[in-house]
Amino acid sequence: MTNEEILPGLAEIVEEVAGVSKDDVSPEKSFVDDLDIDSLSMVEIAVQAEDKFGVKIPDDELANLKTVGDAVDYIARNSS
Amino acid sequence: MSGAVIRPAQGAPGARVAGLGHYRPDRVVTNDDLAQTLDTNDEWVRTRVGIQERRFAGPDESVVSMGAIAAAKAMAEAGVTAADVDAVIVATCTLPTQIPHAATQIAGRLGIHAPGSFDVNAACAGFCYGLEVAAQAVRSGAATTVLLVGSEKLTDWVDPTDRANAIIFADGAGAVVVTGADTEGVGPVAWGSAEDLTETINIPDRASFIHQEGQSVFRWATTAIAPVAERAVRMAGLELADVDVLVTHQANLRIVDAIARKLVSAGARDDLRVARDIVTTGNTSSASIPVALDRMRAAGEVASGEVVLAIGFGAGLTYAGQVFRCP
């Protein structure tokens, strides 16, 4: 999948889990600093993204995904 | 070799929960109280873990003293006296001493003479493990009347300056009396462990405080536990729609709600009542399930005879759940 295909799906998950409008979920945004998403919500986002995109996002990898763009890149590299 | 035949178990046809009681310490600790010494605030705690206030035991209160109070209430409701109780099981992971175990100490306080007695350490799953053992004891004939207590003084094992854990854990006790029954009142246990996650919650030695890897535990609890609860329902020959009340271990309100959502989407009724006692009790580990159920009952949210689905999970990591009829 391309980054352009992944972003809207990820934005939907972020909106559902964290109540952030999906229009605000853009690649340069930091999950913690810009979208105010806490560590447990990040786990919920990761679990849903795993199901949706067929990737594994272990907790130690999750810690490296600071921005929405980081997450999109990771999913693009690892999705089957 | 002797040809003598060992007689099969000859206990009661079934088991039931005949009485329930709980004890919470008097001291209420709000999030604002904790924020006086911790870098936290009420809004942060409510959104992260769902707790508004919790109870802390006083210096003279212990796993044994709190457990004995809860036990006496359960015995009174069941209509049994100390002379009737022939086994005492205590689920706890916070006893300050290795020996003697808590069960004989609680038996002594209540005047229960010569019961079978032991403690179960399955951390936050301990109550459900203990309920399986208690039910089997009356079915086998090993006992007729079992007192099962979940009691914890977690504040002895939490670093009060650790803002991740000091906001979550609390103290309290819950107890049930399990007796024989002609009609089964306790379903088979669904249990297991995640041995690959053994270090994610621990108290490594007696000089240490509780440590947990929050994200790993949260992921596990929100994904692995609902299927175990479903399995427990099926093992009892019921459907999820037969469950009236869900009482999970009160770990974190977001975990409670995630498990409930999954069970409703898997077939539990939309009007499934869900224990959310963590909001005003905090996380009391092995005590949380009986405390939550008794408080729901007191609030009129659960009636006698309704089907309770209990599911405990926590350090180990280990888990256990079963259905039973509410006393």
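Predicted model: local features only at pLDDT ≥ 70, side-chain atom pairs only at ≥ 80, totals over all residues.
Confidence in chain A was examined first. Its mean pLDDT is 93, and 99% of the residues score at least 70. Within chain A, the lowest mean, 91, falls in helix α3 (residues 59-62). The highest, 95, belongs to helix α4 (residues 68-78) of chain A.

Chain A carries one annotated site considered here. An unreviewed UniProt entry lists S39(A) as "modified residue: O-(pantetheine 4'-phosphoryl)serine". S39(A) sits in helix α2 (residues 39-53) of chain A. Its relative accessibility is 41%. S39(A) therefore counts as partly exposed, since that class lies between 20% and 50%.

In chain B, an open sheet contains 5 strands with mixed pairing. Their order is β1-β7-β6-β4-β5. Strands β1 (14-23) and β5 (116-120) of chain B form the edges, and each pairs on one side only. On average, neighbouring strands of the sheet are turned by 20° against each other, direction ignored. Strands β4 (residues 87-91) and β6 (residues 145-153) of chain B run parallel and are joined by 5 bridges. V90(B) stands opposite V149(B) in β6(B). Helix α3 (residues 63-78) of chain B lies across β1, β6 and β7 (171-181) of chain B. This helix runs at about 125° to β1(B).

An annotated domain is also found in chain B. An unreviewed UniProt entry assigns residues 118-193 of chain B to "domain: Beta-ketoacyl-[acyl-carrier-protein] synthase III N-terminal". The span is 25% helix and 36% strand. The C-alpha atoms at its ends lie 21 Å apart.

Nonpolar packing was then examined. The largest nonpolar core has 77 residues. L263(B), L309(B) and F313(B) have the most contacts inside this core. Helix α7 (residues 214-235) of chain B gives the most to the core, with 10 residues. Apart from this core lies another, of 36 residues, including A15(B), V17(B), I289(B) and L293(B). Beyond its neighbours within four places in sequence, F313(B) is in contact with residues including W220(B), A221(B) and I225(B). Among its other partners are C124(B), A125(B), H249(B), I259(B) and Y319(B).

A315(B) lies in the loop between β13 (307-314) and β14 (318-325) of chain B. Not counting residues up to four places away in sequence, A315(B) touches A122(B), A123(B) and I201(B). A315(B) and T81(B) are 234 residues apart along the chain, and their C-alpha atoms are separated by 34 Å.

Note on methods:
Residues numbered from 1 in each chain as written. Chains lettered and ligands numbered in written order. Heavy atoms only, no water. UniProt positions renumbered as here; feature names shortened; annotations may be inferred. Helix = DSSP H or I, 4+ residues; strand = E, 2+ residues; numbered from the N terminus. Buried < 20%, exposed > 50% of the residue type's maximum accessible area, 1.4 Å probe, protein only. Core = buried A, V, L, I, M, F, W, Y, C linked by side-chain atoms within 4.5 Å. Contact = heavy atoms within 4.5 Å. pLDDT = per-residue confidence, 0-100. Pairing = 2+ DSSP bridges. Axes fitted to C-alpha atoms, helices over the stretch in contact; angles between N-to-C directions.
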